[in-house]
Amino acid sequence: MFTLGLAGLITRRNLIFTLMSVEIMLNASGLAFIAAGSRWGQPDGQIMFLFILTMAAAEVAIGLAFVLLFHRKQSELDVDAASELRG
C-alpha cells in the first residue's frame, strides 16, 4: 500500500492526486504500526496510529487550503505550474 502511494506521488502531476497519494502512504505506515504493535503486544503502535491520524487531518486541511488558493490563482492543478509562484 505504501508503494502504491509512492508510485502515485511520483507519477501524478495533479495536486489532488498528490495529496491523496500522501494520504495513502500515511495510512500504510499507520497500518504497519498497528500490525507491529499487535505482533509484540504493545500499545505503542496504536498511539503512533493516533498521532498519524492527527497529522494526516492537519495535512489535509492545509493541503486542501493550498489547492483551493492555487486553483484560484492558476485555474489549474498541475504541479509544474507551481514553480511560477516564486516571488
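1. Let's start with Phe70: its relative accessibility is 3%, so Phe70 counts as buried (buried is under 20% relative accessible area, exposed over 50%, partly exposed in between, with a 1.4 Å probe and protein chains only). Phe66, at 40% relative accessibility, counts as partly exposed.

2. A word on the model: it is predicted, so local features need pLDDT of at least 70 and side-chain atom pairs count only at pLDDT 80 or more, while totals for chains, interfaces and linings use all residues. Residues are numbered from 1 along each chain as its sequence is written, and side-chain values use heavy atoms, leaving out hydrogens and water.

3. How many aromatic pairs does the structure hold? There is one, and Phe66 and Phe70 form it, stacked at 6.0 Å centre to centre with 25° between the planes. Rings of Phe, Tyr and Trp (its six-membered ring) pair if their centres lie within 6.5 Å; planes under 30 degrees apart count as stacked, over 60 as edge-to-face and the rest as tilted. Because Phe66 and Phe70 are four residues apart in helix H3 (residues 44-74), about one helical turn separates them. Helices (H or I, at least four residues) and strands (E, at least two) are DSSP runs, numbered from the N terminus.

4. Now look at Ser21 in helix H2 (residues 15-40). Ser21 is buried, at 7% relative accessibility. Apart from neighbours within four places in sequence, Ser21 is in contact with Gly5, Gly8 and Leu9 (contact means heavy atoms within 4.5 Å).

5. For contrast, find Leu4 in helix H1 (residues 2-11). Leu4 has a relative accessible area of 60%, so Leu4 is exposed.
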